[in-house]
Each structure stands twice: as structure tokens, then as C-alpha cells.
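I opened the notebook today to look up a few things in this structure. Here is what I looked at, entry by entry.

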Amino acid sequence: ALDDLIGSSTGDEFAVFAQGLTLDLLLLEANRRLAELARRYRLQKNTDPEARLDFVVVDLDLGGSRRSLHTLSGGETFLVSLALALALATLAAPKSRVETLFLDEGFGTLDAQSLEVALGALDSLQATGCQVGVISHVDGIAERIGAQVVVQPEGGGQSRVFAQAR
């Protein structure tokens with residue numbers, strides 16, 4: 001009887017069901033973030049039974065067509081990834097406060113407008129008390145960051161590291 005309730009003697013079906021509930025919450029929060037970052041896209045669970053814990057992107061500019069995440073450009077992928085990272089931080093918040101978020105690159109793939117939207121979202125996150133660390137070589141980002149850790153190559157595999165405030 002227990003096998004019928006949870007789907008198998010190993011509990012695999014129940015685990016997938018429980019993970020699916022968490023994925024629903026993640027997608028709900030990620031879509032809330034995407035509404036700010038990239039209004040064109042929404043995320044949905046994949047309807048393929050073999051990929052129940054995967055998701056696809058819904059392109060609102062293309063009549064709500066569903067497509068693979070692999071079809072997104074670099075900048076679009078970055079924005080979707082940022083929305084998911086922010087959603088994960090939000091979901092973790094009731095149990096433990098996410099105090100620091102590091103983003104490594106990705107900003108170079110954004111056009112000027114998307115860069116401004118992404119930086120605005122990070123500013124909002126920082127205003128809630130979360131420290132946001134950004135690793136980037138994009139000049140426009142350095143101008144928006146108040147405190148910086150600068151790594152200056154000196155040759156021969158050596159670098160000098162210093163902090164500077166803007």
C-alpha cells in the first residue's frame with residue numbers, strides 16, 4: 001500500500017513529486033524576477049514526462065512559444081540565470097538569510113539597456129542588506145560599483161591586489 005502511495009519501493013516517485021513542488025516555487029519567484037529583468041521571457045516546467053524537473057523558456061514576443069533554454073543568446077541566458085539565482089536566494093531566505101551573492105562575468109554579453117536593468121536589480125538586492133560581489137572586466141560596471149578589489153598584473157605570474165573606493 002505504501003508503494004502505491006509513494007510510487008515505488010525506493011521512493012523515487014515521491015522524491016520527484018516533492019522536488020516538483022520546490023521547482024514550482026522556484027519558477028514562481030524566478031518569473032517574478034524575470035518580469036523586472038527580461039519581460040520577454042517566462043520559465044515553465046517541461047511537459048515532457050522524461051524531463052519533469054527541467055524547464056523551458058516561454059517567449060512572450062513570439063506568441064508564447066515554448067523553447068529550450070539552449071536557444072537563448074548569451075545575454076538572455078545571463079538574465080535568466082540571474083533571475084534564477086535571485087529566486088534561489090529568496091527561497092533560501094526563510095531558513096537562512098543570503099547575505100552575499102557573487103556574480104562572475106556575464107555582463108559583457110548584455111546590451112546597454114539589459115546591463116542597466118541587471119545592475120538595477122543588483123542595486124535593489126544590495127539595498128536589502130545583501131552584499132553583491134561582481135567579477136567583471138566591463139568598464140561600465142566599474143563605474144557603478146562603490147568599492148572595488150582591483151587585481152593588477154605585474155608580470156612573471158605576479159599580481160598586486162588593492163582595494164579602492166569610488
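**Ground rules**

I am working with a predicted model, where local features need pLDDT of at least 70, side-chain atom pairs count only at pLDDT 80 or more, and totals for chains, interfaces and linings use all residues. Residues are numbered from 1 along each chain as its sequence is written, and side-chain values use heavy atoms, with hydrogens and water left out.

**Entry 1: the whole chain**

I looked up the elements and found five helices and seven strands in the protein chain. Helices (H or I, at least four residues) and strands (E, at least two) are DSSP runs numbered from the N terminus. Along the sequence I read the pattern α-α-β-β-β-α-β-α-β-α-β-β.

Next I checked burial: 30% of the 166 residues are buried. Buried means under 20% relative accessible area, exposed over 50%, and partly exposed in between, with a 1.4 Å probe and protein chains only. I also looked at contacts (heavy atoms within 4.5 Å). Of those with a separation of 6 or more, 46% come from residues 24 or more positions apart.

**Entry 2: helix α3**

I took α3, residues 74-92, and noted 19 residues reaching 27 Å from first C-alpha to last, close to the 27 Å expected at 1.5 Å a residue. The expected span is 1.5 Å times one less than the number of residues.

Which residues of α3 are buried? My list includes Phe 78, Leu 79, Val 80, Leu 82 and Leu 86. The buried residues of α3 pack against α2 (12-37), β1 (41-45), β2 (55-59), β3 (65-67), β4 (100-104) and α4 (112-127).

At what angle do α3 and α4 pack? I get about 10 degrees, with the axes 11 Å apart. The contact uses Phe 78, Leu 79, Leu 82 and Leu 86 of α3 with Ser 114, Ala 118, Leu 122 and Leu 125 of α4.

**Entry 3: salt bridges**

I searched the whole structure and found seven salt bridges. Each is a side-chain nitrogen of Lys or Arg within 4 Å of a carboxyl oxygen of Asp or Glu.

Arg 40 meets Asp 59 in a salt bridge at 2.8 Å, N to O. Arg 40 sits in the loop between α2 and β1 and Asp 59 in strand β2, so this pair ties together parts 19 residues apart in sequence. Arg 67 also bridges to Asp 59, with the closest N and O atoms 2.5 Å apart. Is Asp 59 buried or exposed? At 0% relative accessibility, Asp 59 is buried, while Arg 40 is partly exposed at 29%. Arg 67 is buried.

Bridges with shared partners join Glu 29, Arg 32, Arg 33 and Glu 36 into one network. Within it, Glu 29 and Arg 32 have their closest N and O atoms 2.6 Å apart. These two are three residues apart in helix α2, about one helical turn. Glu 29 is buried at 12% relative accessible area, and Arg 32 is partly exposed at 42%.

**Entry 4: Gln 44**

I finished in strand β1, where Gln 44 is found. Gln 44 is partly exposed at 36% relative accessibility. The C-alpha atoms of Gln 44 and Val 56 are 5.5 Å apart, although 12 residues separate them along the chain. Not counting residues up to four places away in sequence, Gln 44 touches Leu 27, Asp 54, Phe 55, Val 56, Val 58 and Arg 66.

Key. Axes fitted to C-alpha atoms, helices over the stretch in contact; angles between N-to-C directions.
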